[in-house]
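Visitor: Hi! Could you walk me through this protein?
Guide: Happy to, let's take a look together.

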Amino acid sequence: MTRYYCPFCSIRYQIHKSSIDGVLICGQCGDPLIKKPLINFKKIIGFVATLAFLTPLIIMIFFVVKDFDDDKTPNNPHSIVLLTFN
Ligand SMILES: [Zn+2]
């Protein structure tokens, strides 16, 4: 994955060259390449939006699994009788 890109050319057809003085330039238009930031503002907004949609689902799954793990049988024998004869 390259971290440099030309803002004027299509991303699919970018050819990266190094000029005589060592600067990375675009092979098509000859403009200097721009360094792509690792984490930009769009990625942070997307991550927050994804968390906003997934957090309720994760919490729901957690409580459903916790509910299955709880022992639901009553310890009082009279309540078992009430449950079976009603
Ligand atoms: Zn270019």
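Guide: We'll go from the overall picture to a helix and then a loop.

Guide: This is a predicted model, where local features need pLDDT of at least 70, side-chain atom pairs count only at pLDDT 80 or more, and totals for chains, interfaces and linings use all residues. Residues are numbered from 1 along each chain as its sequence is written.

Visitor: What's the mean pLDDT of the protein?
Guide: The mean is 84, and 79% of the residues reach 70 or more. pLDDT is the predictor's confidence in each residue, from 0 to 100.

Visitor: Where is confidence lowest?
Guide: In helix α2 (residues 77-85), with a mean of 63, whereas α1 has the highest, at 93. Where pLDDT is low, the predicted coordinates should not be read in detail.

Visitor: How many helices and strands are there?
Guide: There are 2 helices and 4 strands, in the order β-β-β-β-α-α along the sequence. Both are DSSP runs numbered from the N terminus: helices are H or I with at least four residues, strands E with at least two.

Visitor: New topic: where is G30?
Guide: G30 sits in the loop between β3 (24-26) and β4 (34-35). G30 is exposed, with 11 other C-beta atoms within 10 Å.

Terms used. A residue is buried if 20 or more other C-beta atoms lie within 10 Å of its own, exposed if 12 or fewer, and partly exposed in between; C-beta atoms are placed from the backbone.
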